[in-house]
Amino acid sequence: MKGARGWVIAGLVSIAVAAIAYSIQPHTDSPEHSSNSDSANGTSALRLFAEAMGHPTDQVAGSFSTITPFALMFVFSPTSAYTSDEADRTRLWVGSGGILVYASEKADPELDRAFGVRRLDGTASVSTEVGNPLVPGVNNVAGASEVMPLDASADQVPFLRTPDGFVIGFLQRVQSGYLVVLADPLVLCNGYLDKQDNGRLLANLLGLAGSNAPVLIDEYHHGVNLSDLAPQAWVLTPWGAALLWLLIAVFAGLILRGRSFGPLIPRPAEVARVDAEWAVAVGQLLRRSSARAVTLGLLASATERSLAARTGIPLQPRERFWNALWVRVPEIAADLAEAEHALTASASTEHELLKSAQRLHRIAHPVPEEKAPPVRALRAGPNSPHGGEARPRTP
């Protein structure tokens, strides 16, 4: 029975490892058009193309705090939406001389707001995308079969349309920089650059920047993908796979052959503690920490609460409590005020602390005075100075 249970555990572990290995494999699809992907809808070829044309390239990842000035940045289909601050800072960057190529099938609300990008409701069928002289050499471009057209304003110059005349790409001057908006990012992706005039379109976009201008690709707004963190560099090699299976075998062996280090010791039942033990514990803690001033403050507050309960005077507000205490029991009020004024000097030594504590305790819990028994009158007897033995006089 024990052996069968071990095989079941080993089978479950193997299934879990296979599922993890499958999940970390590089996928053949990149709907966010990542520059880390070599798939047909990835954009790794764009980065290589820019490097071949002499542009230093980099990715915006890890943080979105500062963007390299006077650079060209591609933003493809953000899966992690821009915040209002990020969109406003991006517009300021473009206005100071940056060039932004914003290619997305769907709107990013904050980025569209910051640049005044408007999109039409619904989609339009596209067989081919038609260019104009604004992008030299670009006559027809191949991309998606359906796009969400753009609603270009007067200062947004269209350079790419559908055969029916819907705008799917425009260029806009933003102070010292430029904004390029594409409703179809596929025209710049790996599997489409060699189709029709797609490569020339990319060359025209890169030509908007200087010959040595940096080219950036925003990967920060693509979120965190498991495939980006996968240890593919060693898992997919023969020695890496052997090491992985060794770790699995060791883990399974520890599960199957695991032994406890001794008998289980039951946890002792908790015993309810009396109030005196808690009081002693708090007192010891205050004494070890030399918190004499704290102790005296606690004792003074406790004394005032005790007097409030005994006299029926509300403790709060404190000023009204003291005024009522002086009116109702002036002797106790004077004694308490004198005791509290002497607390500062009592915090120097434990002896003075004890004296102050005892004084406050007497004020809070006074001991009633015992009355002396009545003295009976004595009658003179034979041995008394008056000639007789002293005897109690009976009534």
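## Helix pair α11 and α12

Axes here are lines fitted to C-alpha atoms, for helices over the stretch in contact, and angles run from 0 to 180 degrees between N-to-C directions. The model is predicted. In it, helix α11 spans residues 318–328 and helix α12 spans residues 330–341. Their axes come within 5 Å. They cross at roughly 130 degrees. Angles of 65 to 115 degrees count as roughly perpendicular and those over 145 as roughly antiparallel, so α11 and α12 are oblique to each other.

Which residues make the contact? From α11 come Arg318, Trp322, Leu325, Trp326, Val327 and Arg328. From α12 come Pro330, Ala333, Ala334, Leu336, Ala337 and Glu340. The contact of α11 with α12 holds 9 nonpolar residues, 3 charged and no polar.

## Overall fold

The protein chain has 395 residues, and buried residues make up 37% of them. It contains 14 helices and 13 strands. Take the contacts with a separation of 6 or more: residues 24 or more positions apart account for 62% of them.

## Nonpolar cores

In soluble globular proteins, nonpolar side chains tend to be buried together. Here the largest nonpolar core has 58 residues. Met73, Phe74, Leu100, Leu188 and Leu201 touch the most other members. A second, separate core has 13 residues, including Ile313, Trp322, Ala339 and Leu360. Trp322 also belongs to the α11 side of the helix contact.

## The loop between α1 and α2

Helix α1 covers 2–23 and α2 covers 44–52. Ser39 sits in the loop between them. Buried means under 20% relative accessible area; Ser39 has 10% relative accessibility and therefore counts as buried. Its side chain makes a polar contact of 2.7 Å with the side chain of Ser37.

His33 is found in the loop between α1 and α2. At 2% relative accessibility, His33 counts as buried. Its phi is near 60 degrees, a positive value in a residue other than glycine.

His55 lies in the loop between α2 and β1. Buried or exposed? His55 counts as buried, at 6% relative accessibility. A polar atom of the His55 side chain lies 2.9 Å from the backbone oxygen of Ala213. Not counting residues up to four places away in sequence, His55 touches Ala50, Leu206, Gly210, Ser211, Asn212, Ala213 and Val215.

Thr68 is placed in the loop between β1 (57–60) and β2 (72–76). At 35% relative accessibility, Thr68 counts as partly exposed. Beyond neighbours within four places in sequence, Thr68 is in contact with Trp93, Pro214 and Leu216.

Ser77 is in the loop between β2 and α3 (84–95). Ser77 is buried, with a relative accessible area of 8%. Phi of Ser77 is near 35 degrees, again a positive value in a residue other than glycine.

Methods: Residues are numbered from 1 along each chain as its sequence is written. This is a predicted model: local features need pLDDT of at least 70, side-chain atom pairs count only at pLDDT 80 or more; totals for chains, interfaces and linings use all residues. Side-chain values use heavy atoms; hydrogens and water are left out. A nonpolar core is a set of buried Ala, Val, Leu, Ile, Met, Phe, Trp, Tyr and Cys residues joined through side-chain atoms within 4.5 Å. Buried means under 20% relative accessible area, exposed over 50%, partly exposed in between (1.4 Å probe, protein chains only). Helices (H or I, at least four residues) and strands (E, at least two) are DSSP runs, numbered from the N terminus. Angles under 35 degrees count as roughly parallel, over 145 as roughly antiparallel, 65 to 115 as roughly perpendicular and the rest as oblique. Contact means heavy atoms within 4.5 Å. Ala, Val, Leu, Ile, Met, Phe, Trp, Tyr, Cys and Pro count as nonpolar, Asp, Glu, Lys and Arg as charged, and the others, Gly among them, as polar. A polar contact is a pair of N or O atoms within 3.5 Å; within protein, one must be able to donate a hydrogen and the other to accept it, and residues adjacent in sequence count only if both atoms are side-chain atoms.
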